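Trainee: Please take one part of this model and go through it closely. I would like the interface between the two chains.

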Protein chains: 2
Amino acid sequence: MEKVYQFIEEHKEKYLEWLIELCRQPSVAAQNRGIEETVVLVETHLKKLTDKVERIPTSGNPILYGEIHTGKTKTLSFYNHYDVQPEEPVELWDSPPFSPEIREGRLYARGVADNKGTLMSRICAVHAYQSVYGELPLNLKFIIEGEEEIGSPHLEEFTSQHPDKLWADANIWENGFKSIDGRLQITLGCKGMLYVELHAHGANTDLHSAKAAIVENPAWRLVWALATLKNEREEILIDGFYDRVLPLTEEERRLTEEMDYQEAKELEQLGLKQYVNGLSGFALKEKLIFQPTCTICGIEAGYTGEGSKTVLPSTAKVKLDFRLVSEQDPAEILVLLRQHLDKHGFADIEIVPLKGQHAAVTPIDDPLVQKVVGSANAFFEQKPQVIRSQAGTGPMYNLCQKFGIPSLGFGVGHAASHNHAPNESIYVDDYIEGIKFAALVLHEFPK
Amino acid sequence: MEKVYQFIEEHKEKYLEWLIELCRQPSVAAQNRGIEETVVLVETHLKKLTDKVERIPTSGNPILYGEIHTGKTKTLSFYNHYDVQPEEPVELWDSPPFSPEIREGRLYARGVADNKGTLMSRICAVHAYQSVYGELPLNLKFIIEGEEEIGSPHLEEFTSQHPDKLWADANIWENGFKSIDGRLQITLGCKGMLYVELHAHGANTDLHSAKAAIVENPAWRLVWALATLKNEREEILIDGFYDRVLPLTEEERRLTEEMDYQEAKELEQLGLKQYVNGLSGFALKEKLIFQPTCTICGIEAGYTGEGSKTVLPSTAKVKLDFRLVSEQDPAEILVLLRQHLDKHGFADIEIVPLKGQHAAVTPIDDPLVQKVVGSANAFFEQKPQVIRSQAGTGPMYNLCQKFGIPSLGFGVGHAASHNHAPNESIYVDDYIEGIKFAALVLHEFPK
């Protein structure tokens, strides 16, 4: 592998330029912005690696599929996405989100950590391996979708219509991080999700707030309804919500105990005095990895500009995400939420479901896990952290576990990457190192 | 007065044009927009009536003062304002808010009902009276401020520095309406107000919502805090909040019983099935006129655009107005609110006070009330409605009652005017009629 590493070192300016060019191109699925341009760009890179590149149409954004068929025994697939989160609030970025900029060793851009950096590191790894050895030691598939950040609503069209393209001995998931102390994280699963909007309606027009004495205020309706959903101890109060949350196995308990979480550093970085409920240690990690959530991602009603406008709003809206774990089913949670609102007198509040995903997990004794952990032990100075599940969500279940394909994730992000938030960034050194490690995994997996 | 009415009829196109020109000029105090231009415009009109026009500087927007000194015995003052509410949400207007447009007998524009229509009707009334009779039968003062819609924060500079300009036998307040059945409303007071923002703070940056499992969400903090302020029966739960709310006197009870409120029509107009708590009749009117409120005027946190962005917001903000009645003191309510939040575990939530006003009321047996009601009985086909207090708020106490000056309000608006909201409008016929009635009041008051 030394030759490959050397090749990567010699070409690192070029590989960095490829990433910068990709990050300069907006690709916001939620706003349908820059999709076609991004597809063309990623397609161009895939075509450097193989002549089997397909643009697979869906009812939404196309999926890019690239296959490198070597005739070898083993087949690995990479799952990634070319779309990114919206960049708002733009005013909190120190440099424009789609004008990538390097400051103090970090490359800042929307999507660079989630997950354009990791996507490009894999393309570069294959490029380097092929350049040095001519051919990969396995068959490889790239599955790159364009709607991950809006909940992969059309990925199931692909999985049901193209089981052949989906099939692999194992999958490497889209992304990953280094922890604050610089250890590579290898994640074996991800949480599920139910994302909804709740809408409350009042009069058919905004009114002078003097009328609020007698006309119902939808913002108050929404506040009262929300207050029934979760209490100040962070307990979600929907009947049956926790029924399918399983207790931790011995193995999960051990992994969680071993998992390093630099609380003090993170708290300082975030400007916080403590975590919710004053949690720390095992209980903190357990809540992050194994507990479901109910989060207000956005709320809006009435006048929110400068000054003291006295208005009674006619509508109010909240965006809620529930991160789901274990056997929780998004469709069932949606029903429980409707029942909960009705039972508490909020039948008037409308639920608009936006997305649903099952949680997913790969067993720790799977050969894939053993091989990747072994490669990481050999490659990095510090031992990797094996994490039972991401705290985040992805369509892993629909693409892998549902078909018996094991999957795990690692990538070039960092605990301080600010995914989904202003000033998203990765370390340039992590990117170059990540290209080398991806090449090593390609080399070791078929052994 | 017939000659004056005839003059007004002959000049109604011109008087309408004056109003349209004034409404075309934005004057949004909350956003400091168009103030100077509006001052110049109103000044020009006042100078047609008198050569004693002064622009009185304050720490905020200037106050326009116009005095017509005739040497007669009685002195009346008009209080009005040249500023308007912000026009947001602009997308809900059927015509641009600052491009006045007449449709089906109604003139649509931001500020036309609150209170540029009434202001201009008084300027026109004086213009017509002087044109016909040469001189007014009393001394008259115009006090026209430019910050009413943001709570008149600098009006007290004027009242303390210019008691001479303030002095009058009686004051006519800025504005008024016709009820849905077309009866002129004469209001003898207004509610007070405390307007605050509550700010909740979380981490120092927006985060991926996966972190919401362990990082406090300021939007949830705000929801929980709000839910402690008012319950679903519309009861405000702050200790001591109602202590200075007085029970209705016999006279107030009688006025309220006599007050016509077209519930069914209004409910239909607003697209509602019922008022809060299912109230109707006396209880409804009593709540509107005599009860304090706590209103969410605006709330905002996190991502509120298209799609399902999964973000944990770093801040959350709500705008609250409390309409105050009787002897409630805004400064005291602010203290009670702070104590309430502290007591319920929300010491972390910041209160930003934006404005405070005392409630105000003029006794029904005051000669001013008797004369204006008498004029209205003679002028309008239907008897006026005397209303104990506006449901809304103004600086009446600071300008009048505090100095022993009686005050009442009437004007050219309508129950369906949509003050402070999209598609604000008045009836053109009400405007012309309002000019005539204002001229009659000038004529009758000194008798």
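Mentor: The model is predicted. Start with who takes part: 88 residues from chain B and 87 residues from chain A make the contact. Together the two chains bury about 7200 Å². Of that area, 59% lies on carbon and sulfur atoms. On the chain B side, Ile214(B), Trp220(B) and Lys309(B) stand out: they supply 11% of the area that chain B buries against chain A, more than any other three residues.

Now the polar side. The interface of chain B and chain A holds 40 residue pairs in polar contact, both partners at pLDDT 80 or more. Strand E13 of chain B, residues 295-302, gives eight residues to the side that touches chain A, the largest share. By residue class, that side of chain B divides into 42 nonpolar, 24 polar and 22 charged. Two salt bridges cross between the chains. In one salt bridge, the side chain of Glu266(A) meets that of Lys211(B), at 2.6 Å from N to O.

Look next at how the strands meet. Strand E13 of chain A, also residues 295-302, pairs with E13(B). The sense is antiparallel, over five bridges. Within this pairing, Gly298(A) stands opposite Gly302(B).

Last, the annotation. An unreviewed UniProt entry places the feature "domain: Peptidase M20 dimerisation" at residues 191-345 of chain A. Over that stretch, chain A is 33% helix and 21% strand. The end C-alpha atoms of the stretch are 31 Å apart.

How values were computed: Residues numbered from 1 in each chain as written. Chains lettered and ligands numbered in written order. Predicted model: local features only at pLDDT ≥ 70, side-chain atom pairs only at ≥ 80, totals over all residues. Heavy atoms only, no water. UniProt positions renumbered as here; feature names shortened; annotations may be inferred. Helix = DSSP H or I, 4+ residues; strand = E, 2+ residues; numbered from the N terminus. Contact = heavy atoms within 4.5 Å. Buried area = accessible area lost by both parts, 1.4 Å probe. Salt bridge = Lys/Arg side-chain N within 4 Å of Asp/Glu carboxyl O. Polar contact = N/O pair within 3.5 Å; in protein donor to acceptor, adjacent residues only side chain to side chain. Nonpolar A, V, L, I, M, F, W, Y, C, P; charged D, E, K, R; others polar. Pairing = 2+ DSSP bridges.
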